Amino acid sequence: PESKLPALGTTIFTQMSALAQQHNAINLSQGFPDFDGPRYLQARLAHHVSEGANQYAPMTGALPMREAIAEKTAELYGYRPDVNSDITVTAGATEALYAAITALVRPGDEVICFDPSYDSYAPAVELSGGVLKRIALQPPGFRVDWKAFAALLSSKTRLVILNTPHNPSATVWRSADFAALWQAIAEQEIYVLSDEVYEHICFDEAGHASVLAHPQLRQRAVTVSSFGKTFHMTGWKVGYSVAPAAISAEIRKVHQYLTFSVNTPAQLAIADMLRHEPSHYRELSAFYRARRDRLAQALEQSRFKVLPCEGTYFLLADYSAISDLDDVSFCQWLTKEVGVAAIPLSVFCAGPFPHRLIRLCFAKQEATLDAAAERLCQI
Ligand code: PMP
Ligand code: GLN
């Protein structure tokens with residue numbers, strides 16, 4: 001058939017993980033832990049399965065799950081979304097992003113995003129007939145130039161997609177960024193999609209700034225998160241969106257025909273986990289800070305130059321002192337010849353990205369990080 005997405009191939013994550021496997025390389029490419037999630041969470045899943053919680057969950061999400069999400073949001077961001085109208089449980093953040101974009105973007109609408117940007121946004125915008133306007137952020141800070149942002153706004157602008165803590169740059173938005181965003185869009189009916197899947201992995205002293213903490217912006221915002229990152233269980237694929245009732249109603253129209261509802265026992269287990277072991281997400285930043293520092297310190301002995309990492313479980317490394325290859329070729333070479341798989345950054349950008357940067361995932365056991373660093377120090 002004639003393709004609706006002719007320019008699109010297989011995701012870089014699938015490509016690099018396959019290449020890593022083929023060459024038996026240490027896989028620091030696709031973002032997933034090589035250690036297991038909490039035993040308690042697994043036990044609760046088994047419990048709910050054995051108790052017979054095996055039929056469809058409500059379309060919007062299991063009630064204990066929505067209650068636990070409301071509780072966590074109130075605790076962390078000082079705002080309690082309505083359990084019935086504002087929270088929708090989805091099959092990972094990926095589904096929430098897709099449902100929100102499909103619900104909000106009409107043919108011809110303009111959508112602004114910041115490059116490098118996570119790879120699932122653009123195809124969803126395209127399938128809805130939207131036009132993506134990309135602002136290129138520059139390393140090492142990847143800060144938004146608010147003048148450039150204002151210049152991109154038009155009467156057709158419908159949605160702004162942001163991601164903080166940011167994959168792949170590992171930078172975070174501060175509350176001043178949200179204030180600047182509000183100032184820029186206040187006068188127009190523009191919505192905000194805030195991808196906050198790394199909300200609990202933030203090394204900034206001020207903590208994670210959520211769009212939900214901004215009283216005006218949150219009235220126009222869809223916030224998306226995922227338990228895959230938070231509980232080291234990327235394979236469970238449970239996430240959610242939080243948005244005001246009128247926006248959530250539109251998202252649910254899409255969600256009910258995309259998946260209808262999400263895995264019941266996993267939702268109930270996660271609700272138990274959120275309620276009984278909140279220390280897990282409260283301590284997650286410290287847990288990952290130690291891994292970030294271990295990898296960063298080990299790479300001080302290498303010819304890579306590590307960039308500051310304010311959040312996520314990704315570290316950027318500049319290889320200009322090592323090679324003139326473009327980043328895609330460098331990552332292939334690194335996987336095949338050095339035995340370490342990483343992700344090139346240019347694949348997250350529409351325009352040229354002439355920097356020599358790769359993304360390394362440090363959601364790994366210490367032994368994995370040490371072994372990878374040893375190889376990276378030899379080149
Ligand atoms: N957004 C970002 C920025 C991500 O990094 C990821 C996955 N790592 C997702 C969304 C998708 O999350 P999920 O696996 O829950 O669908
Ligand atoms: N989000 C993960 C990453 O950035 C990958 C998710 C996927 O493979 N779709 O590495």
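Select strands β2 (residues 87-90) and β8 (residues 239-242) first. The two run antiparallel, joined by 4 bridges. This is a predicted model, so keep the confidence scores for the last stop.

Now pick out one pair across these strands. Val 89 in β2 has Tyr 240 of β8 as its bridge partner.

Stay on β2 and show its side chains. Which residues lie on each side of the strand? Ile 87 and Val 89 are on one side, with Thr 88 and Thr 90 on the other. All four are buried, so both faces of β2 are covered. Here, buried means that 20 or more other C-beta atoms lie within 10 Å of the residue's own.

Next, select ligand 1 and its shell. There are 14 residues around the ligand, and the nearest are Gly 92, Ala 93, Thr 94, Asn 167 and Ser 226. Colour the shell by residue class: 9 are polar, 3 nonpolar and 2 charged. Which element gives the largest share of the shell? Helix α4 (residues 92-104) does, with 3 residues.

Move on to strands β3 (residues 110-115) and β4 (residues 131-136). They pair in the parallel sense, over 6 bridges. Zoom in on Val 111, which stands opposite Leu 132 in β4. Together, β3, α5 and β4 make a right-handed β-α-β unit.

Last stop: colour the protein chain by pLDDT. The mean is 97, and 100% of the residues reach 70 or more. For the model as a whole, ipTM is 0.98 and pTM is 0.98.

How values were computed: Residues numbered from 1 in each chain as written. Chains lettered and ligands numbered in written order. Predicted model: local features only at pLDDT ≥ 70, side-chain atom pairs only at ≥ 80, totals over all residues. Near = placed C-beta within 6 Å. Nonpolar A, V, L, I, M, F, W, Y, C, P; charged D, E, K, R; others polar. Buried ≥ 20, exposed ≤ 12 C-beta atoms within 10 Å, placed from the backbone. Pairing = 2+ DSSP bridges. pLDDT = per-residue confidence, 0-100. Right-handed = clockwise from strand over helix to strand, strands pointing away.
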